[in-house]
Amino acid sequence: MRLRVFSGTRATGRLHLGNYLGAIKGYIELQNDPQYECLYMAVDVHTITTPYDPKTLAVATRNIILDYLAAGLDPQKAIITKQSLIPEHTELAFLFASVVSVARMQHLPTYKDKIKQFPEHVTMALLNYPVLMAADILIYQASLVPCGLDQEPHLEITREIARKMNQLYGTTFPEVQRFTTPTASVPSLIGEGKMSKSIEGSYLNLTDSLETIEARLAAAPTDSGQGKVVPATGGVANLLTFVEIFEGQAKRQSYEHAYTTTGISYQALKRDLAKAIYQDLAPIREKHRTLTAKPHLVDEVIHQGAKRARALAQSTLHEVKEKMGFV
Ligand code: TRP
């Protein structure tokens with residue numbers, strides 16, 4: 001059996017540049033390697049663990065898949081679909097919940113953050129979020145997960161569940177590993193932290209116009225453009241990271257040299273950078289336009305993907321139910 005890869009994206013809107021550089025590029029690298037069998041899903045069931053709008057959930061989920069395809073995920077090479085079409089994930093999650101203690105889940109940093117953010121929505125579903133994520137991965141016996149560093153605590157839970165299940169019931173779940181790309185952590189455009197959908201001004205969408213990209217970059221904080229040492233954190237450091245990603249390392253070095261000698265003109269830097277980002281995203285914009293005009297193609301991918309995924313999921317679930325004594 002080929003090694004399996006699983007990853008998921010929450011259906012809270014469009015994919016942004018941080019998702020693309022941090023995760024999707026890794027998805028593409030793995031789908032192109034024949035050593036792996038990859039499954040990539042919009043994880044819409046995870047969306048209901050925090051407040052959401054039922055009126056827009058289906059559309060937001062579909063948009064994630066549209067962005068996946070525009071960005072280069074290929075249904076010929078990977079299984080691409082949405083989680084809710086494979087109800088076996090939630091069934092396995094309930095079985096997994098029987099080997100996880102409540103205390104362990106309450107100590108997770110992601111859970112603590114969310115209950116601070118949504119004190120009125122401290123639900124069982126939220127507490128169970130990482131258990132469902134473990135089920136997403138292990139139902140396909142996946143051993144490799146391309147995702148951001150912030151997901152590591154969830155992968156640790158996944159490993160603990162696999163070990164416990166193997167020990168108690170004799171299943172053979174693998175030990176999962178995180179797969180990272182060189183650009184795993186994409187900085188925010190506004191100085192602090194990472195690019196995030198929940199922080200206005202921090203991100204770019206994959207199909208943004210040149211004017212939008214210019215406007216977002218214009219708002220990125222800078223300094224006088226000259227000094228003894230190039231800043232290692234903050235707005236200028238982040239801009240230089242983007243220069244390196246989109247214009248190459250040599251260009252970054254020339255700016256760094258300018259910083260300690262003649263000084264940088266941020267206006268010119270931002271103008272050139274906006275152009276470079278816009279050009280880099282041209283194929284994605286083009287593909288996005290084509291797919292938007294042919295909605296049935298996206299639906300077809302989702303349904304075909306679900307059929308293939310479901311067959312794999314059912315086989316694992318059946319084995320687990322047998323070993324746990326239901327059959
Ligand atoms: N928790 C992930 C995130 O917030 C999304 C996710 C759900 C996921 N299930 C997954 C990621 C399985 C990787 C594998 O980004």
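Helix α4 gives the most to the lining of the second largest pocket: four residues. Helices here are DSSP runs of H or I with at least four residues, strands are E runs of at least two, and both are numbered from the N terminus. A quick word on the source: this is a predicted model, where local features need pLDDT of at least 70, side-chain atom pairs count only at pLDDT 80 or more, and totals for chains, interfaces and linings use all residues. Residues are numbered from 1 along each chain as its sequence is written, and side-chain values use heavy atoms, without hydrogens and water.

Back to the pocket. A pocket is an open set of points on a 1 Å grid over the protein atoms alone, where a 1.4 Å probe fits, with protein on both sides within 12 Å along at least five of seven lines; lining residues have an atom within 4 Å of a point. The volume is about 200 Å³, counted as the space filled by probe spheres set on the points, which are joined across faces, edges and corners. The lining includes T90, A93, F94, A97 and Y129. Two elements give two or more residues to this lining: α4 (88–97) and α8. By class, the lining has eight nonpolar, three polar and no charged residues.

Next, the ligand. Among the residues around the ligand are F6, R10, H46, Y129, D136 and Q151; near means a heavy atom within 4 Å. So what touches its nitrogen atoms? Take polar contacts, pairs of N or O atoms within 3.5 Å. The side chain of Y129 has an N or O atom 2.6 Å from a ligand nitrogen. For D136 the distance is 2.8 Å. For Q151, a polar side-chain atom also lies 2.8 Å from a ligand nitrogen. Alone, the ligand exposes 360 Å², and the protein buries 88% of that; the areas use the Shrake-Rupley method with a 1.4 Å probe. β1 (3–10) and α8 (129–138) each give two or more residues to the shell.

Last, charges. Side chains of opposite charge can pair when their charged atoms come close. The count is 17 salt bridges, each a side-chain nitrogen of Lys or Arg within 4 Å of a carboxyl oxygen of Asp or Glu. One joins R62 and D299, with the closest N and O atoms 3.0 Å apart. R62 sits in α3 (residues 54–71) and D299 in α15 (residues 295–323), so the pair ties together parts 237 residues apart in sequence.

Conventions:
A polar contact is a pair of N or O atoms within 3.5 Å; within protein, one must be able to donate a hydrogen and the other to accept it, and residues adjacent in sequence count only if both atoms are side-chain atoms. Ala, Val, Leu, Ile, Met, Phe, Trp, Tyr, Cys and Pro count as nonpolar, Asp, Glu, Lys and Arg as charged, and the others, Gly among them, as polar.
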